[in-house]
Amino acid sequence: MSDYDVPPADEVTAPWWEATREHRLLVQRCAACQTLQHPPRALCTGCGSTDDLGWETSTGAGSVDAYTVVHRSPLPELEAPYVVARVRLAEGPLVLTHVLADDLTAVRADLAVRLDWHDLPDGRSLPVFRIDDSAQEG
C-alpha cells in the first residue's frame, strides 16, 4: 500500500485523527441513544443529536461485510491489485478500508479480520485490516 493524500483533520474528525497517531481506532457513541457510528460525524445517525457524541475505542476485531479486488488503480501511487472492503467492527459500525493479504483470493465475506495500521508521513495512520489467522483456526 502506497502513501496518498488523506483529508486534513477538522473540528469533528480531529480526535479521531489524533487517536490514529497512537494506533487507536475510535468510534463515536451517542450518549442520548447509545448509537455507535463511523466515520465521525457532527450528528448522531440514530437520533440526530449534535450534543451527545463522545468517543469509544474499538477492539479492532471485525469481519468482512463486503469487498472488491481492485485490479486497475485509479491513482498511480496505489499499487494494484488490492482489496477494498467494508469491515463490520465487533462493536457494530462499518469501516471502509483495505484488507491486506498475501493471497487476495483468501478474502471473502464473513472473514474474520483484525486491525492493523498504515503509517502516514505526517504521523497519522490509516486503519487497515489483516486476516485474523487465530479466528480461522477455531
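Predicted model: local features only at pLDDT ≥ 70, side-chain atom pairs only at ≥ 80, totals over all residues.
Contact, as I use the word today, means heavy atoms within 4.5 Å. With that in hand, let me begin with Q37, which touches V27, Q28, L43, C44, T45, L53 and P93 once residues up to four places away in sequence are not counted. Residues are numbered from 1 along each chain as its sequence is written, and side-chain values use heavy atoms, with hydrogens and water left out.

Q37 has its place in strand β2, where strands are DSSP runs of E with at least two residues, and helices are runs of H or I with at least four, numbered from the N terminus. Buried means under 20% relative accessible area, exposed means over 50%, and partly exposed lies in between, with a 1.4 Å probe and protein chains only; Q37 counts as buried because its relative accessibility is 3%. Its side chain makes a polar contact of 2.9 Å with the side chain of Q28, the term standing for a pair of N or O atoms within 3.5 Å, of which, within protein, one must be able to donate a hydrogen and the other to accept it, and residues adjacent in sequence count only if both atoms are side-chain atoms. The side chain of Q37 also reaches the backbone nitrogen of T45, at 2.8 Å.

What about the partner, Q28? Q28 lies in strand β1 and, at 4% relative accessibility, counts as buried too. The side chain of Q28 reaches the backbone nitrogen of R41 at 2.7 Å, and among the residues that Q28 touches are P39, P40, G54 and W55.

Three strands form an open sheet in the order β2-β1-β3 with antiparallel pairing, two strands being counted as paired if DSSP finds at least two bridges between them. The strands β2 (36–37) and β3 (53–57) stand at the edges with a single partner strand each, so one side of each is left without a neighbour in the sheet. Strand β1, residues 26–30, is joined to β2 by two bridges, and R29 has L36 in β2 as its bridge partner.

How many strands make up the closed barrel? The closed barrel has five strands, running β4-β5-β6-β8-β7 with mixed pairing. β4 (residues 61–70) and β5 (residues 82–89) pair in the antiparallel sense over eight bridges, with Y82 in β5 as the bridge partner of V70. β5 and β6 (residues 94–100) are likewise antiparallel, over six bridges, and in their hairpin, which has four residues between the strands, G92 takes a positive phi near 120°. By contrast, β6 and β8 (residues 125–131) run parallel and are joined by two bridges, with V99 standing opposite F129 in β8.

I will finish with the aromatic rings. Rings of Phe, Tyr and Trp (its six-membered ring) pair if their centres lie within 6.5 Å, with planes under 30 degrees apart counted as stacked, over 60 as edge-to-face and the rest as tilted. By this rule the count comes to one aromatic pair. The rings of W16 and W17 have centres 4.8 Å apart and planes at 80°, so the pair is edge-to-face, and both residues are buried.
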